[in-house]
Structures are given as structure tokens and as C-alpha cells.
Amino acid sequence: MCQLLGMNCNTPTDIGFSFAGFSKRGGLTDHHTDGFGIGFFEGHGMRLFLDDKPSAQSPIAELVRNYHIKSKNVIAHIRKASQGCNALENTHPFQRELWGCYWLFAHNGQLKSSFNPDFDGKARRPVGYTDSERAFCYILNEIRARFPNKPCKNSLFDALAELCAEIRAHGMFNFILSNGEVMYAHASTLLYYITREYPFGQAHLIDEDLAIDFSKVTTPEDRVSVIATLPLTDNENWQQLACDELVMFEHGRLVRRSRPENPVYLSREEGLEIARKAGVSV
């Protein structure tokens, strides 16, 4: 099962600590070896790094770990291929333009062949061969059809919630999506988040023997939310999203959620078993 990582902040922040542990899951502490990618929003621009090699051994991942890029919104993905071969065109995150700004999307799961949108005449079409990119293009095309001009965040959230319900009927649909202003996350099975704010404490990575005292590298005004398929640290209180829950983060804070009336939360073992039955490599 692929691994997702997202970061949403109220001030440009270095994702180096989280990425140090996350990248180890690409071939060292886990067996996701079919490439990785990470995108950083900076103003109206974006830095996007993709590699079809495992992130634990990738020179590009090493560059990212040493670059110390600061951003308010970051999305990263480690791939275990289930649809589409190991190639750059199939590597997440995927990037498209809508309403004059970049959008970034990464997906974990698998959609059945019943999800087969018609892209003839559409502005956004898949380049590669993944269900993930098809879903991303479909979402942006549908949103653009509903809103010729950029809508308010709440209207966009409502539309996205409807599209999530439609698409997840075809399979497992965990994803992170951002336009550089806000970040959306949707869980079908496993997805966690943590919000770090004053008073900051220490954190220790699960995948590497590395710790940091955030109180020494932050200000009282800083606020950072990190989203991941599985928790990255072993001494912090990560919150789990319910199955079929959609959330929106802005300025490092969870500001809106759409959650089933009777929420269901899966254990790690239950989530992985669902992935196996769906044919997703774990």
C-alpha cells in the first residue's frame, strides 16, 4: 500500500524531520520501491521532485532532505505500484492547473475498472496509466464544470465531498489534495494527522532514530499539521480519520470535516487486510 504525507502550516516550514522518517519507508523500513515524489508550494509557484527509484536510495530524496525547502503546503508520496508500471508518468504527486493556480494530488488505494471516466474533449487528461491520475483529472474536470470561476472554500469542500462519495464507491480512495492555499485529505481506510502548536514538545521518529525538540526551532505563533498514512512518530498523539471522512486544513489547523454519522476507525491490521483483498500491494 502506498504511503501518503502532507503538511499544512501557517508559516513556511521545513518538512525535513517528517520526510527523514517518511522516505525510509521507500525500500528500507517498508517495501514501497516503485518511486516517490514530493511537491512544495511557494507563492504561486511549485517545486516538484519525482523519481522512479526507491526514496530510501534516491539521490533526489537525498537532495530534498538536504535542501531545507520551506513551504506552507507540501505533499509527498511513496509508491507501491498496483496499476501502471514503474515510470515517471505514473509517479505521484500529480500536478495540474485550475483557475490559474497549481493543484497537487497523491492517492493511496485502488479503484476498480468500473471507474472509467470519459476524457474526450476534457481539458485535463491522464498522461500515465494509473487510476490515481484518472481520479485527479476527473475531480478537476467536474469541479471546473460546476464552477467556471474559483468558488469559496466551503462551496469547493461541499463539491469535493460529493465527488469523494461517488469515486470511493469504486474502491479504496485515500488521498491528499492541495492548491497551495488549503489542503484536503480523504480516508477510505488508514489516514492520520497531528497538529503541532504552542507549547511545542519533542518528537521521535518511528522509522529512524532521530528526535527533535520543536520548542527550540519554532515560535509561539507557529502551527503545523502533518498528515500521513501511518503515524511518523512514536511519542505523539496522532489522530485518525474515520473511514469515508473528508477534512480541510488551513493555516495549520483542521477547519472543516465531513464525517459519517457513525464513524468507523480501522486498526492498522484491518486496513492492510482490506488493501490485500482489494488487490493493493502492501
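**Helix α5.** I started with α5 (residues 268–277) in this predicted model and looked up its buried residues (under 20% relative accessible area with a 1.4 Å probe, protein chains only). They are G271, L272 and A275. Seen down the axis of α5, these fall within an arc of 95°, so they line one face of the helix; I took the arc from the directions between the helix axis and the C-beta atoms. On the face turned away from that buried side I found E269 and K277, both exposed, meaning over 50% relative accessible area. My helices are DSSP runs of H or I with at least four residues, and my strands are E runs of at least two, numbered from the N terminus.

**Housekeeping.** I number residues from 1 along each chain as its sequence is written, and side-chain values use heavy atoms, without hydrogens and water. Because the model is predicted, local features need pLDDT of at least 70 and side-chain atom pairs count only at pLDDT 80 or more, while totals for chains, interfaces and linings use all residues.

**Helix α4.** Next came α4 (residues 153–168), with 16 residues. From first C-alpha to last it reaches 22 Å, close to the 22 Å expected at 1.5 Å a residue (1.5 Å times one less than the number of residues). Which residues of α4 are buried? I noted L156, F157, A159, L160, L163, C164 and I167. They cover an arc of only 165° around the axis, which puts them on the same side of α4. A handy reminder: an α-helix has 3.6 residues a turn, so residues three or four places apart point the same way. Among the elements that cover the buried residues of α4 are α3 (131–146), β6 (101–108) and β14 (245–250), with contact meaning heavy atoms within 4.5 Å.

**Largest pocket.** I then looked at the largest pocket, which holds about 450 Å³ of space. A pocket here is an open set of points on a 1 Å grid over the protein atoms alone, with protein on both sides within 12 Å along at least five of seven lines; lining residues have an atom within 4 Å of a point. The lining has 22 residues, and T13, D14, I15, F214 and V217 are the closest to the centre. β1 gives the most to this lining, with five residues.

**Cavities.** Last, I found two cavities of 30 Å³ or more; in a cavity a 1.4 Å probe fits but cannot get out.

Methods: Grid points are joined across faces, edges and corners, and a volume is the space filled by probe spheres set on the points.
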